[in-house]
Structures are given as C-alpha cells and as structure tokens.
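Have the structure open as you read.

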Amino acid sequence: QVQLVESGGRSVQTGGSLRVSCVASGPAFGTRAMGWLRQAPGKEREFVAAIDGSGTIIYYEDFVKGRFTISRDNAKNTLYLQMNSLQPEDTAAYYCAATRPLSSTWLPSKSADFPSWGRGSQVTVSS
C-alpha cells in the first residue's frame, strides 16, 4: 500500500508559477503510474496529468497543456507538478494519486482509475 503526501500549495497571483510535490512511501514507487487531479469547491474532481513509472508516457488534460508539467524523481520517491501562467480557474485542491502501470491502451483519466490518493494541497490563484 502506497502512502502519498502532497506539499507546496499556497496562494499566488494570476500569471504566477508554483510547484507542488508529492512524496510517496511504500514499495515499488518506480513501477507505479502517478497522476495529478484537482477539485475546486462545488465541482467534481478532474484529471490534470499523468506519468508512467519511467517517465516515458506523459499526458495532460487539454486545459493545462503548455502551462503545467508533470515529472518524477524515482530516487526521491517524489512526483512534481510545475504550474505556470496560473489563472483563477486553476484554484483547487491538488491531489496526487497512484495507479497500475500505463500502456498504449490504458491511459486513465478518471478518479476511479486511481486507487491510492493523498490528502491534497490547496492552490489559490487570485486576480
């Protein structure tokens, strides 16, 4: 069972940048696919990005393409999300999540596809 702890969320102004991190404990971090999802108040949790264990498969939801970058450091058991050009609509709790290995035929983007979750890190973007 993997345990995930996010950090780095804070308040920023529109157009600013921020990096959130997620440290994993438990076995075989490097074999797990990881994802970032977010949830704004009153809204459903939504997919942001995912990365496979080796970092060779990466994909994003359309609304963050070109602004956000997902990455991982397996030596540190850490997942990152670099967020640039932040907008007020990016305000949300950001969750990291773990799932089984990705493949060309399985690229999960639903909350139910990720069985392990952290508790979230709040990002607030003010105008």
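## Ground rules

This is a predicted model, where local features need pLDDT of at least 70, side-chain atom pairs count only at pLDDT 80 or more, and totals for chains, interfaces and linings use all residues. Residues are numbered from 1 along each chain as its sequence is written, and side-chain values use heavy atoms, with hydrogens and water left out.

Strands here are DSSP runs (E, at least two residues), numbered from the N terminus.

## Who pairs with β8?

Two strands count as paired if DSSP finds at least two bridges between them. Strand β3 (residues 18-25) runs antiparallel to β8 over 6 bridges. Along that pairing, Leu18 has Met83 as its bridge partner, and Cys22 stands opposite Leu79.

Strand β7 (residues 68-73) also pairs with β8 in the antiparallel sense, over 6 bridges. Here Arg72 is the bridge partner of Leu79. β7 and β8 make a hairpin with 4 residues between them, and Asn77 in the turn has a positive phi of about 50°.

## The whole sheet

Put together, you get an open sheet of 4 strands in the order β1-β3-β8-β7, with antiparallel pairing. β1 (3-7) and β7 are the edge strands, each pairing on one side only. From one strand to the next, the twist averages 15°, with axes taken as lines fitted to C-alpha atoms and angles running from 0 to 180 degrees between N-to-C directions.
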